[in-house]
Amino acid sequence: MGLYLGLDSSTQSLSALVIDSDAGQVVLQEAVNFGQDLPEYGSPQGFLPNADAQLRHANPLLWVAALDLLLSKIQAGGFDFAAVRGVSGSGQQHGSVYLNTHIGDAPAWSTALPLVDQVRPLLSRPSAPIWLDSSTNVECREIAAAVGGDAVVVSVTGSRAIERFSGPQIRKFWKTEPGAYEKTVEITLVSAFMASILTGTSAPIDFGDGAGMNLLDLQSGAWSPKLLAATAPDLARKLLPAVPSATRVGELSPYFVKRFGFAPGTPVLAFTGDNPSSLVGMGATEPGTAVISLGTSDTVFAAMREPRTDPRGYGHVFGNPAGGFMCLIAFANGSLAREEVARRTGLSWPAFEAAILQQTKAGNAGNSMLPYFFPEITPKLLEPKLSLEGTPAFCAFQDAPANARAIVEAQALSMQRHSDWIGEKPRSVRVTGGASKNRGILQVIADVFDARIETIQVSNSAALGAAVRAAQAGTGLPWAELYARFVVADASVHVESSPSSVLAYAEPRAKFAHKMQALGV
Ligand code: XUL
């Protein structure tokens with residue numbers, strides 16, 4: 001039997017998923033919720049509460065404690081870890097962890113002491129800035145200026161200098177705590193940190209997650225000397241060389257063998273970012289299939305045939321764990337904006353779905369809105385905006401069905417426009433996340449993208465992707481064969497584009513583009 005374990009260290013939880021590569025089955029799913037299961041870390045939402053909404057840090061020891069707790073929980077359930085043939089994982093992207101000792105140089109983990117107590121003295125910074133932190137605007141500007149502008153940062157790293165990305169965060173740490181920065185011997189990411197804990201060695205950052213740092217030269221796969229110099233002094237010495245995602249970074253340390261009964265020598269494959277891992281978990285590592293994740297924020301991601309970059313500067317390019325590159329475009333106004341419309345119109349979710357499917361038509365009889373109830377990152381808008389200046393707001397929230405359709409159409413048109421730079425029209429769109437259950441939303445996406453919609457049975461695509469990556473490395477099976485076994489489309493969802501609705505979006509698309517031009521974004 002070939003069992004492979006995938007772990008996903010996300011913002012609010014650590015989850016585990018085990019697949020049996022022979023039987024083609026997911027045999028176990030378990031999770032630890034940081035707020036509920038580890039209240040002593042005072043992080044109900046996975047990060048340390050801070051009155052300053054721009055500051056979002058988490059305690060890395062929380063993730064270590066969660067790992068111990070999760071594996072104990074699985075063991076208590078009777079699972080035999082000795083049967084696991086390989087492990088991989090993923091982490092929330094961009095979060096950076098600061099160490100005063102390489103984990104490989106620290107004493108081997110002892111089973112006589114809690115793991116957190118052994119990791120605590122190795123941290124040179126007690127907290128890790130995570131992806132929700134937006135406090136580094138000044139540092140972004142400084143980095144871009146030092147290398148010759150945003151266009152240079154985009155062409156080297158695949159993204160312009162972005163507040164939540166690790167490079168600007170590292171620069172801020174150096175500026176505000178130069179002494180602690182100097183004592184730092186290694187800076188790593190959440191993903192590689194978790195792999196380091198598991199192997200008891202210094203596990204390198206992979207191309208998938210490393211590309212989210214504003215430091216990796218996408219062409220060479222090495223840290224860019226230009227960006228390193230613009231970020232902080234001596235940074236080259238604090239980063240291990242980045243590696244392809246298919247790199248075996250070590251084996252489980254004796255601590256995990258002894259404490260949980262894993263087989264000695266169980267290989268650990270490089271961990272990656274949660275989005276690159278989801279690309280695998282959604283079976284979308286080949287161009288032609290895009291993924292839309294409808295969550296608190298919405299994301300669009302897809303494999304790319306060529307490493308293009310977004311000329312408007314909003315999209316990102318990361319490494320594709322199966323080789324090559326992927327794009328990712330994140331929209332802050334995701335379910336929060338949809339919920340705002342539901343709240344203001346008083347529509348329940350079933351009524352919201354019926355409003356789109358039965359009470360309104362593609363194009364919404366010309367009624368359109370902008371989808372920005374909150375500040376947006378794609379495109380960059382610092383203030384909420386539902387209509388252009390001087391244009392009467394259609395969305396007075398009196399025509400509830402039209403408002404329901406208007407927000408979803410605006411979001412879909414925005415997703416399409418802001419992913420057009422990848423130069424690939426997806427034939428199918430795999431939709432995941434809470435709102436993927438809403439057929440109305442799925443139909444609008446199908447018609448705007450003129451693509452077939454698919455949903456996948458397993459909802460934790462990052463953890464599934466990690467397990468599938470471990471299985472690919474362990475068995476050598478082609479990706480397509482693993483996808484056929486594990487990435488199973490939900491047969492009950494049949495959403496195809498309708499030719500007349502596709503045509504009906506020509507005008508709204510042009511109108512949306514015009515609005516973006518008028519806003520200068
Ligand atoms: C991607 C991003 C988020 C995190 C969430 O750029 O910031 O999707 O990876 O965990």
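**Cavity lining, ligand shell and a buried helix**

Helix α15, spanning residues 400-417, gives the most to the lining of the largest cavity, contributing three residues. The model is predicted. Three cavities of 30 Å³ or more were counted. The largest holds about 60 Å³ of space. Its lining consists of Asp298, Phe331, Asn333, Pro371, Tyr372, Glu376, Gln411, Ser414 and Met415. By class, these lining residues divide into four nonpolar, three polar and two charged.

For His94, a side-chain N or O atom is 2.6 Å from an oxygen atom of the ligand. Gln93 uses its backbone instead: an N or O atom there lies 3.1 Å from a ligand oxygen. Taken alone, the ligand exposes 290 Å², and the protein buries 90% of that area.

Helix α8 covers residues 190-199. Of its 10 residues, 10 are buried, so the helix is largely enclosed by the rest of the structure. The buried set includes the nonpolar residues Val190, Phe193, Met194, Ile197 and Leu198. Ser191, Ser196 and Thr199 are polar by class and are also buried. Ala192 and Ala195 are buried as well. Just after α8, Gly200 adopts a positive phi of about 70°.

Conventions
Residues are numbered from 1 along each chain as its sequence is written. This is a predicted model: local features need pLDDT of at least 70, side-chain atom pairs count only at pLDDT 80 or more; totals for chains, interfaces and linings use all residues. Side-chain values use heavy atoms; hydrogens and water are left out. A polar contact is a pair of N or O atoms within 3.5 Å; within protein, one must be able to donate a hydrogen and the other to accept it, and residues adjacent in sequence count only if both atoms are side-chain atoms. Accessible areas come from the Shrake-Rupley method with a 1.4 Å probe; for residues, only the protein chains shown count as cover. Buried means under 20% relative accessible area, exposed over 50%, partly exposed in between (1.4 Å probe, protein chains only). Helices (H or I, at least four residues) and strands (E, at least two) are DSSP runs, numbered from the N terminus. On a 1 Å grid over the protein atoms alone, a cavity is a set of points where a 1.4 Å probe fits but cannot get out, and a pocket is an open set with protein on both sides within 12 Å along at least five of seven lines; lining residues have an atom within 4 Å of a point. Grid points are joined across faces, edges and corners, and a volume is the space filled by probe spheres set on the points.
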